[in-house]
Amino acid sequence: MSDKVGMLLVICGPSGVGKTTITHAVEKQIPGAVFSVSCTTRAITPKDREGVDYFFVTDEAFDRHISENAFLEHAGVFGKRYGTPKQWVTDRLAEGKLVILEIDVQGAVSVKKHVPDAFCIFVLPPSEEELLTRLRSRGREDESKIQRRFGEARREIEVARNCGVYDVFLVNRTLDAAVAQAMGLVNAEWARRQKAVSTST
Ligand code: 5GP
């Protein structure tokens with residue numbers, strides 16, 4: 001029997017909550033952690049790197065991936081489509097990697113159905129007021145878009161609390177503390193699983 005044990009880590013949370021920073025810290029600081037690059041139909045922005053942040057694809061290509069059953073999950077977010085490449089994730093798990101998915105709440109529900117032992121973290125803001133302040137301070141969008149993201153965030157938090165998918169709700173009061181907490185949780189969970197495998201082989 002293989003002594004390699006992979007782990008699927010799902011990190012979710014509303015826009016502006018700091019989940020991308022937490023995700024990248026986990027990826028950098030935990031040996032064996034790899035970030036799964038999703039496909040999306042949204043437009044590339046100057047900040048995005050093709051193949052690093054996303055694979056930017058046409059609607060036709062996205063449809064083809066669906067028909068080829070190439071996604072572990074896919075969902076529509078803010079009117080665009082996003083999907084997690086199945087083969088890449090499966091291969092990395094088989095190599096014993098810690099595979100990180102940063103996806104939305106619908107995606108997490110779907111992943112948990114297919115991979116019940118996925119470890120799922122939902123990052124929460126300290127309060128709704130603080131989330132609104134953070135969305136505004138990013139200075140990326142006009143007020144109507146900020147309000148749309150804020151409304152969406154409130155709905156996402158509601159779904160997350162009720163869907164039974166999350167192992168942990170992590171409140172991001174300060175980024176350093178949230179990163180440290182995420183590292184502690186993920187390291188502990190991974191160590192627990194490695195130990196479970198080594199005692200069963
Ligand atoms: P953005 O376009 O701002 O990078 O991402 C928008 C939302 O899509 C974020 O909540 C992000 O977590 C989510 N997302 C990114 N990739 C995927 C994916 O492969 N599947 C799903 N379901 N959501 C994704």
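Guide: Start with a definition: buried means under 20% relative accessible area, exposed means over 50%, and partly exposed lies in between. Keep in mind that this is a predicted model.

Visitor: Is Asn187 buried, exposed or partly exposed?
Guide: Asn187 sits in helix H7. Its relative accessibility is 38%. Buried needs under 20% and exposed needs over 50%. Therefore Asn187 counts as partly exposed.

Visitor: How far apart in space are Asn187 and His114, C-alpha to C-alpha?
Guide: In sequence, Asn187 and His114 are 73 residues apart. In space, the C-alpha to C-alpha distance is 23 Å.

Visitor: Where around the axis of H1 do its buried residues lie?
Guide: Helix H1 covers residues 19-29, and its buried residues are Lys19, Ile22, Thr23, Ala25 and Val26. They cover an arc of only 165° around the axis, so they lie on the same side of H1.

Visitor: Which helix is included in what covers those buried residues of H1?
Guide: The cover includes strands E1 (7-12), E2 (33-35), E7 (98-102) and E8 (119-124). It also includes a helix, residues 175-200. That helix is H7.

Visitor: How is H1 oriented to H7?
Guide: The axes are 10 Å apart, and the packing angle of H1 and H7 is about 50°. That angle makes H1 oblique to H7.

Visitor: How many of the residues in the contact of H1 with H7 are charged?
Guide: From H1, Thr21, Ile22, Ala25, Val26 and Gln29 take part; from H7, Leu175, Ala178, Val179, Ala182, Met183 and Val186. Of the contact residues, 9 are nonpolar and 2 are polar. Charged residues: none.

How values were computed. Residues numbered from 1 in each chain as written. Predicted model: local features only at pLDDT ≥ 70, side-chain atom pairs only at ≥ 80, totals over all residues. Heavy atoms only, no water. Buried < 20%, exposed > 50% of the residue type's maximum accessible area, 1.4 Å probe, protein only. Helix = DSSP H or I, 4+ residues; strand = E, 2+ residues; numbered from the N terminus. Arc of directions from axis to C-beta. Contact = heavy atoms within 4.5 Å. Axes fitted to C-alpha atoms, helices over the stretch in contact; angles between N-to-C directions. Parallel < 35°, antiparallel > 145°, perpendicular 65-115°, else oblique. Nonpolar A, V, L, I, M, F, W, Y, C, P; charged D, E, K, R; others polar.
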